[in-house]
Amino acid sequence: MVKNLQDFFAYPPDTMYTYRVHTRSTTFVPTITLLFKFRNKRDNGGLTFKDTNKKMKQHIEQLIQSALTKLRSEDKLSASVPAFQIDAAKDKQHGDFASNIALLLAKSMQAKPRDVAAMIVAALPASPNVTKVEIAGPGFINFFLAESAFHQIVPDILTAGEKFGRSNLGQGKRVLVEFVSSNPTGPLHVGHGRHAAFGGIVADLLAAVGYDVYREYYVNDAGRQMDILAVSVWLRYLELAGEKIVFPTNGYQGTYVIDIARSLQTEFAKEFVVAGAKVFADLPADAPAGDKEIYIDALIARARELLGAANYAKIFDAALASILADIREDLAAFGVNYQNWFSERALVKSDVVDRMFERLKDQDLAYVREGALWFRSTNFEDEKDRVLERANGQRTYFANDLAYHITKFERGFDFAIDIFGSDHHGYVPRMKAGLNGFGIAADRLTYLLVQFVTLYRGGEQAQMSTRSGSFVTLRELRDEVGNDAARFFYVMRRSEQHVDFDLDLAKSASNENPVYYIQYAHARICSVWRQLADKKFEFDQALGLQNLALLTAPQELQLLATLARYPDIVASAATQHEPHLLTNYLRDLATGFHTYYNSHQFLVDDAPLRNARLTLIGAVRQIVANGLGLLSVSTPEAM
């Protein structure tokens, strides 16, 4: 008996489930063993270190604080100083960093923001790192840095190596990221692939900035859709046995269903064979003459009756195990792995949901109306109350899902992130209301909604439908364009934006293909090192670091400034849950490098200049590798 909501339900650790399953490319039927493992904690890969951007922000903050101290000593400032921001400027014409301090102080000082900014600028102490300060817009203070201020980024990168850009921003707080969680009723299609890439990269970014990240897949292994799958498999099994079958309109029609049926036939021979006439006798009409939903429900009831509970469970479990094994394998090959696969069926079989009902009743947050149990969701800013249990005693999906989400926080996670399809938009308020009802702050749960993917091949749109079996699988996409292009293309846009996935572009070896363009930058730098050996030159990094002041060309200064932005980009991409910030950054960095490569010779006779340039592009190579690594995209040394 489960005593606490903390006793959450998952596929038990080190439990072995063995079933015969299908393969896609051959008729060979192997035995696949599913091993579901649970791990309570994951090592935190975060690292604290000082980077150039952080140093310069701290320096500018010190300058501003000195100015404010001076103003206070002159009785020009009496208000307390609010927390202000110093952000890297997006446009170099506006300087390198900008602060909003004047806008924040204006109200308390009863002055115009630009006038406050002018006072602060006039009080700023001189600094060799700052060449110019300007007031812009409504009162922002823009700082222009000296060229030498960015040179320090190169030794910082080379010293930290693959750890550069990582931080301890999250301070080890525990975050559960639930993503994909597709019903195990068929192979993953290209839409699921976007969820997998986005969720996996968001989780990896959070880990990179110091959060203790736990990745979870909620297995919807209970409910009507799984029953439809079980019946679909059984009917195909009967068909293979020679029975005359009219497949239901609402059944799962993919070839994978036939593959599972064939594996059942191999494993159990004719154990589940029933005459077709018995299966379909006196059933209501299927569509189009009748209601397809009523028909499939009647067919499920008939299957249970004719097979008996034990045999029906064997078919159900075999179908589930086969598809779940396929999903796990597909995701792992795509670079996506989980610490836990949480079973809805185990949750349903427990008393956790019933005890949740009792707790809600005790707090007068649940009531009975017309035989159904309702949650007072409107008490927590939801638009209407929600049904927890129908009059027929059947729990709603919301009830099970609420109980599941409560376990996330009962397990000790500080925050939870749900990555769902955009069609779940209306689901967010009721779940947050449910958590509030249990005294869990709603802002501890974040919903990231992912828009649809439209796949184009040869200029034509590919159709996707799991039920009909006419869809493009994630595996097919990976086979065609590769993991690198698939992962990168999936996260190039904000999650709430629709993605038109151009297969022709993803496969092209051209500058128009962004992932190729970035990887080519890495490969080009590696080629410079090969040329170095061919020319009998030796790389002297110490000499290069001593002569970074020689890097004064516009392309070099632009690269240095771009490199300095990397830690902020990683932090923003992680905390804002926006991987596209990193893909955009890497494209900018690659563009800067290719421009530099086409404008200057690196292997010049001048040893100090040569080694300075090699040191710079070595830092570029490290950041390209670090950034692509966070996306789980490879860094080839030759292309």
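Is Asp-75 buried or exposed? In this predicted model, Asp-75 is exposed, with a relative accessible area of 71%. That value is over the 50% cut-off, so the residue counts as exposed.

**Two aspartates with positive phi**

Asp-75 lies in the loop between helix H1 (52-73) and strand S3 (86-88). Its phi is near 60°, a positive value in a residue other than glycine. Asp-364 also has a positive phi, near 55°, and is not a glycine either. Asp-364 sits in the loop between helix H12 (352-362) and strand S10 (366-369). Asp-364 is partly exposed, at a relative accessible area of 47%. The table sets out the two residues.

| Residue | Phi | Relative accessible area |
|---|---|---|
| Asp-75 | near 60° | 71% |
| Asp-364 | near 55° | 47% |

**A cis peptide bond**

The peptide bond between Ala-287 and Pro-288 is cis, with omega about 10°. Pro-288 belongs to the loop between helix H9 (276-280) and helix H10 (292-333).

Strand S7 covers residues 174-179. How many of its six residues are buried? Six of the six are, and the strand is mostly covered. In a regular strand, side chains alternate between the two faces of the sheet. In S7, Arg-174, Leu-176 and Glu-178 point one way. Val-175, Val-177 and Phe-179 point the other way. All of these residues are buried.

S7 pairs with strand S8 (residues 212-219) in the parallel sense, over five bridges. Val-177 has Arg-215 of S8 as its bridge partner. S7 also runs parallel to strand S13 (residues 415-421), and five bridges join them. Here Leu-176 has Ala-416 of S13 as its bridge partner.

**Helices H19 and H21**

Two packed helices are described by the angle between their axes and the distance between the axes. Helix H19 (residues 554-575) packs against helix H21 (residues 607-630) at an angle of about 30°, with the axes 11 Å apart. The angle is under 35 degrees, so H19 is roughly parallel to H21. H19 passes H21 in a left-handed crossing. Which residues make the contact? From H19 come Glu-556, Leu-559, Leu-560, Leu-563, Tyr-566 and Val-570. From H21 come Arg-613, Leu-616, Ala-619, Val-620, Ile-623, Asn-626, Gly-627 and Leu-630.

Terms used:
Residues numbered from 1 in each chain as written. Predicted model: local features only at pLDDT ≥ 70, side-chain atom pairs only at ≥ 80, totals over all residues. Heavy atoms only, no water. Buried < 20%, exposed > 50% of the residue type's maximum accessible area, 1.4 Å probe, protein only. Helix = DSSP H or I, 4+ residues; strand = E, 2+ residues; numbered from the N terminus. Pairing = 2+ DSSP bridges. Axes fitted to C-alpha atoms, helices over the stretch in contact; angles between N-to-C directions. Parallel < 35°, antiparallel > 145°, perpendicular 65-115°, else oblique. Left-handed = near helix turned anticlockwise from the far one by under 90°. Contact = heavy atoms within 4.5 Å.
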